[in-house]
Amino acid sequence: MGAGHDHGHAHSHAPAGGTATSAYVGTLRVALSITLTVMVVEIVGGIVADSLALVADAAHMATDALGLGMALLAIHFANRPPTGNRTFGYARAEILAALANCLLLLGVGGYVLYEAIQRFVTPADTAGGLTIVFGAIGLVANMISLTLLMRGQKESLNVRGAFLEVAADALGSLAVIVSAAVILTTGWQAADPIASLVIGVMIVPRTFKLLRETLDVLLESAPKDVDMTEVRTHILALDGVEDVHDLHAWTITSGMPVLSAHVVVRSDVLSAIGHEKMLHELQNCLGDHFDVEHCTFQLEPVGHAEHEAHLCH
């Protein structure tokens, strides 16, 4: 290649299959099985005990199950190899699944809030004892799923979405138990729709947070742990680097940050150390300080940027 167009690449070490979620397929499957089982149990319990709180928690679990199913389906597509047209394969399918999951969560949250308000207008006769039993089953199952998902939620947006859903379910189950205990001891039926409101309120804020992170990936914002000003400063600090432009960083999917830049280097420095050593220094700089290992650099001589600008016009 010519001196003005040398490129360097370093690739992130994602788990087998190419994405951060791929390492947790087994965990997601177990969590899905637990969620589906408890969902059925709570639906039956909600009907038998006439508890909106149980039905609300079951509806939330149905959304969890769908979200987990979409996460597993996304991993299947994400593991497909790249093609000439899809150079990163289907890795972003995970992010699209997380987005769909957020929209579903917002819908469920709205439904629960609406039904809870309706219960205040038309009170129901909830059986507190049965509600406690079914709520306790849900709480134990949710705690098991939370333990399974704890590690993966730090590395994958999809797993984090599942973790947050199960965490809210656990709190929802606790709210169900508390409301049922109040009904059982005082006969105050309003405790059930109040617990439902609590579950609905828990669903919405955390969903907006996950939605914001998902949209940041889709809008190709810089990874949240990468300060672009510091990246530029580190690159400019390398011996012989005169300037850096067209600097971009974005995220393909969870655990796969990408960076590209045009780096202006003095010709005497390139002649002295060679293009390969300069590329290694740039890659090491980014990989060591910012955990961005998939980088592409174009090395340019001084004045080449003006030539590129002229060609663009």
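This is a predicted model: local features need pLDDT of at least 70, side-chain atom pairs count only at pLDDT 80 or more; totals for chains, interfaces and linings use all residues.
Reader: In what order do the elements of the chain run from the N terminus on?
Author: The order is β-α-α-α-α-α-α-α-β-β-α-α-β-α. Helices (H or I, at least four residues) and strands (E, at least two) are DSSP runs, numbered from the N terminus.

Reader: How many helices and strands is that?
Author: The chain has 10 helices and 4 strands.

Reader: What share of the chain is buried?
Author: Buried residues are 48% of the 313 in the chain. Buried means under 20% relative accessible area, exposed over 50%, and partly exposed in between (1.4 Å probe, protein chains only).

Reader: And the surface, how much of it belongs to carbon and sulfur?
Author: Carbon and sulfur atoms hold 64% of an accessible surface of about 14,600 Å². Areas come from the Shrake-Rupley method with a 1.4 Å probe; for residues, only the protein chains shown count as cover.

Reader: Which residues of α1 are buried?
Author: Among them are Val-25, Leu-28, Leu-32, Val-38 and Met-39. Thr-35 and Glu-42 are buried too.

Reader: What follows α1?
Author: Asp-50, with a positive phi near 55°. Asp-50 is a residue other than glycine. It sits in the loop between α1 and α2 (52-78). Asp-50 is partly exposed, because its relative accessible area is 33%.

Reader: How far does α6 reach?
Author: Helix α6 (residues 191-218) has 28 residues and reaches 41 Å from first C-alpha to last, close to the expected 40 Å. Just after α6, Glu-220 has a positive phi of about 60°, although Glu-220 is not a glycine.

Reader: Where is Glu-220, and how exposed?
Author: Glu-220 is in the loop between α6 and α7. At 46% relative accessible area, Glu-220 is partly exposed.

Reader: Packing next. At what angle do α7 and α9 cross?
Author: Roughly 140°, with the axes of α7 (residues 228-236) and α9 (residues 275-290) coming within 10 Å. Axes are lines fitted to C-alpha atoms, for helices over the stretch in contact, and angles run from 0 to 180 degrees between N-to-C directions.

Reader: Which residues meet there?
Author: From α7, Glu-230, Val-231, His-234 and Ile-235. They meet Leu-282, Cys-285, Leu-286, His-289 and Phe-290 in α9.

Reader: Now Thr-131. Buried or exposed?
Author: Thr-131 counts as buried, because its relative accessibility is 1%. It is found in helix α4 (residues 128-149). Leaving aside neighbours within four places in sequence, Thr-131 is in contact with Ala-49, Ser-51, Leu-54, Thr-126, Val-176 and Ala-180.

Reader: Last one, Arg-160. What does it touch?
Author: Arg-160 touches Gln-153, Lys-154, Glu-213 and Lys-224, not counting residues up to four places away in sequence. Arg-160 lies in helix α5 (residues 157-186) and counts as buried at 15% relative accessibility. Arg-160 and Ala-98 are 62 residues apart in sequence and 9.3 Å apart in space, C-alpha to C-alpha.

Conventions
Residues are numbered from 1 along each chain as its sequence is written. Side-chain values use heavy atoms; hydrogens and water are left out. Contact means heavy atoms within 4.5 Å. The expected span of a helix is 1.5 Å times one less than its number of residues.
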